Protein chains: 2
Amino acid sequence: MARTSLSGFPEWLPEGRIIEMHVLDELRRVFELHGFAGIETRAVETLEQLEAKGETSKEIYVLERLQALKAAAAGARAPKDKGMGLHFDLTVPFARYVVENANELDFPFKRYQIQKVWRGERPQDGRFREFTQADIDVVGNGELPFHFEVDLPLVMAEALNNLPIPHVRVLVNNRKVVQGVCESLGVTDVEAALRGLDKIDKIGPEGVAAELAQSGIDGEQASVLLQMAQIRTSESSEVRARLADLGVGGELLDEGLKELTELLDTANKRMPGAVVADLKIARGLDYYTGSVYESEIEGHEALGSICSGGRYDSLAKDGKRTYPGVGLSIGVSRLVSRMISAPMVRASRKVPTAVVVAVIAEEQRERSEAIAAVLRSRGISTDVAPSAAKFGKQIKFADKRGIPFVWFPGEEGSADTVKDIRSGEQVDADPHTWVLPEADAVPTIEKVTD
Amino acid sequence: MARTSLSGFPEWLPEGRIIEMHVLDELRRVFELHGFAGIETRAVETLEQLEAKGETSKEIYVLERLQALKAAAAGARAPKDKGMGLHFDLTVPFARYVVENANELDFPFKRYQIQKVWRGERPQDGRFREFTQADIDVVGNGELPFHFEVDLPLVMAEALNNLPIPHVRVLVNNRKVVQGVCESLGVTDVEAALRGLDKIDKIGPEGVAAELAQSGIDGEQASVLLQMAQIRTSESSEVRARLADLGVGGELLDEGLKELTELLDTANKRMPGAVVADLKIARGLDYYTGSVYESEIEGHEALGSICSGGRYDSLAKDGKRTYPGVGLSIGVSRLVSRMISAPMVRASRKVPTAVVVAVIAEEQRERSEAIAAVLRSRGISTDVAPSAAKFGKQIKFADKRGIPFVWFPGEEGSADTVKDIRSGEQVDADPHTWVLPEADAVPTIEKVTD
């Protein structure tokens, strides 16, 4: 990470940014491969929109015009802007965008969106106040087939497992299962049950039991809920068997189990090992109504979920219609931060440049520029040495940045030469025909193994 | 443009976003081809940083935490955040980043940066409150050779002229020329002269003369300045001749003319027609010290400059060192807005998808998914029909989005077929070997000619 004077607002040095761009490019590639259209929404929403999601209101950054603030401080009547704040996620803005543009969009509408979001909370370890999210969602007009609840976590599993990081598991559950178990047990405060279970990794089963007791959930009910929360398997038959052992049942539970079964069975066929049912997953947000998703990186479980989401039925609605959807969001900054700090990966160089053309003398700079222009016209990222220093210094310019090749314009009558500064090998070369090894075309991201 | 409920905060529909992404991808490609490293800075700076550029302070959006505002309104003592605001350009944050990370960066440091910026001004025609800028800058440690003042506008000329828009001219001038002419005339308030000349396109020569008079610049001085401002040519010899005709001279003017000559002569050699000297260009910002740049799109001159910048000597400095630089910034949102609204261009489709695989029946969805997986593994962007509707409806799904191909899984024992829904041609095909025409691989951006 770069030095930074504001905590919670991360910035990367050029090498870190190369790693981040690699991640963003790969995510985009996979999303587009699956037919998701890219959109961006403005960073700013009305406070009304943002506050509609009550529980997150503590995290909102409000915008004020400096001029207006100064005028107000001076006692003048400042023209009041409509209350506006920075978005804290990409789901709420997307829902607003869908409603505003419903007549122009084709449903089901599949979109990806990669943008910064802001949360005004106190920065803690690994929590950022400004960070990048990468979301995919699909929304329908009035209805949305269940199969999208299977498709979307698999797209994310593919996207994440294409990155140079350890294996990522998508953990799944279904709100109807949890709710069905609650109903079957006679637990009425389902929200409290969800909130409690959500903390199991933080405060342990006993802590959760104590919390549940405070919400009027008795010891026997809590015991069943906690046993449910310990179910973790990729086999739908095991989920069914263990829930049956708990003696719970009912229509909603059956519906949820049918969906969870379909999700697990299809995922096991299409992408074995990618998806695991984990019945403690609750997801705090109250708009989820069906499948819910979290994820973990093998060996980095303590990092928490880097990709989460679920099915929602009425997040987006206008007077006439609702637009049900399902989506997942990757916390890119937290992931990239871990990739850099672990370190999981390393960039082969700090710049896009593959070749530096040396300059023999300032009066001959245009010769070097002409060579660079030819190389660039062939798609080779090329820089020209900033000054006609001694060749040793020009080679050092390349070496410091990890640029693999230095090109030397030939003396009168002799050919140009190009030097691989890693091996020291130097050969005659013509900029129109020289072949840049494919492995050196762009900076590569290598896994750090030791 | 999409419908939007907040004026000045533009959003694009998916087709517009495809055009914007094409522009951003092309800019990035050219910047990286020239060895610029990508960085991002946080969106937030301290007010102290932002206000150091006095003249722009009216445009700053200040951030407050909603919770703190509510606590303050309720009379509680709210913990005061360090004053923070959103950046209004990418130059000021870049200067701060360079100073903070100077020990980690390699100088001269060439970077590009493509990000949103915010200005809290009243939105006017074509003025946005949130918009994307694409900047390139190079900064040195203590010194920066003049040749970068030639290189950078040419990189921008190449980047802009690679886009599907009419020819872009980069207009150049040199602060030392303007200042030298002022000195030669005995004009002491150079700032006033620059501010006046900057308005020549808006208020005309007479309006400028009136403004200059108010700053104590007499009629004769103003007359020479206005004649200077009318010099526009790509030939350095003409600049020199016409300035000589005005009877101005002096050391600073000579130095500026030497630089402007080198810029024009080199540009004419490397990229004929790309660069034109225009001596009325002043650039309001007071940190420029050498070359200054604006630009115009042929046939869209009234849009104003979509790419501007210049040389600065002391924007970035810490206790010990200064980091002189030169850079240019493209107003991407304004450019894209014009490309869409003119319209200059059109996207061949609204989604990345090249193929939709039809679904024969919901029970056979996995067959279609298997075909899609094979196509995707070969890099072909593929979607699967959202429901097993009648084939006519599935074809309409593709047609509405501009997706060129629909893939039909074969009935028992017979081959799959793929249909080009534009021509109606339908042929047998195997997902492992079928060749997607290269022109259909990704959405293409076509110039609108009529």
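Reply: The model is a predicted one. A term needed at once is strand pairing: two strands pair if DSSP finds at least two bridges between them.

Me: What makes strand β6 (residues 130–139) and strand β12 (residues 322–331) of chain A a pair, and in which sense do they run?

Reply: Seven bridges join β6 to β12 in chain A. The criterion asks for at least two bridges, so the two strands count as paired. They run antiparallel. One of the links is that of A:Val139, whose bridge partner in β12(A) is A:Gly325.

Me: Where do these strands stand in the sheet of chain A, and what is the order?

Reply: The order is β1-β5-β6-β12-β11-β10-β7-β9-β8, an open sheet of nine strands with mixed pairing. Because β1 (37–38) and β8 (232–233) each have a single partner strand, they stand at the edges, and one side of each is left without a neighbour in the sheet.

Me: How do you know that strand β3 of chain A pairs with strand β3 of chain B?

Reply: Five bridges connect β3 (residues 61–65) of chain A with β3 (residues 61–65) of chain B, in the antiparallel sense. At least two bridges are required, so these strands pair across the two chains. As an instance, A:Val62 has B:Glu64 as its bridge partner in β3(B).

Me: Why are the two copies described as related by a two-fold rotation axis?

Reply: Chain A is superposed on chain B by a rotation of 180 degrees with 0.0 Å of shift along the axis, and the RMSD is 0.0 Å. The copies are thus related as by a two-fold rotation axis. The residue of chain A that comes closest to this axis is A:Leu63, at 2.5 Å (C-alpha).

Me: How do you know that the copies meet through the same surface?

Reply: Of the interface residues of chain A, 100% are also interface residues in chain B, so the surface is the same in both copies. The contact takes 91 residues from chain A and 91 residues from chain B. About 7800 Å² is buried between the chains, with carbon and sulfur atoms giving 51% of that area.

Me: Why is the contact between A:Lys110 and B:Asp383 called a salt bridge?

Reply: The N to O distance between their side chains is 2.8 Å. The limit is 4 Å, from a side-chain nitrogen of Lys or Arg to a carboxyl oxygen of Asp or Glu, so the pair qualifies. The rule finds 16 salt bridges across the interface. Helix α1 (residues 14–33) of chain A gives the largest share of the side of chain A that touches chain B, namely eight residues. By class, that side has 36 nonpolar, 18 polar and 37 charged residues.

Me: Which peptide bond is cis in chain A, and where is its proline?

Reply: The bond from A:Ala342 to A:Pro343 is cis, with omega near -15 degrees. A:Pro343 is placed in the loop between α12 (332–341) and β13 (345–347) of chain A. In general, most peptide bonds are trans. In chain B, the bond from B:Ala342 to B:Pro343 is cis, with omega near -15 degrees.

Definitions and conventions: Residues numbered from 1 in each chain as written. Chains lettered and ligands numbered in written order. Predicted model: local features only at pLDDT ≥ 70, side-chain atom pairs only at ≥ 80, totals over all residues. Heavy atoms only, no water. Least-squares fit on C-alpha atoms with pLDDT ≥ 70 in both. Contact = heavy atoms within 4.5 Å. Buried area = accessible area lost by both parts, 1.4 Å probe. Helix = DSSP H or I, 4+ residues; strand = E, 2+ residues; numbered from the N terminus. Nonpolar A, V, L, I, M, F, W, Y, C, P; charged D, E, K, R; others polar.
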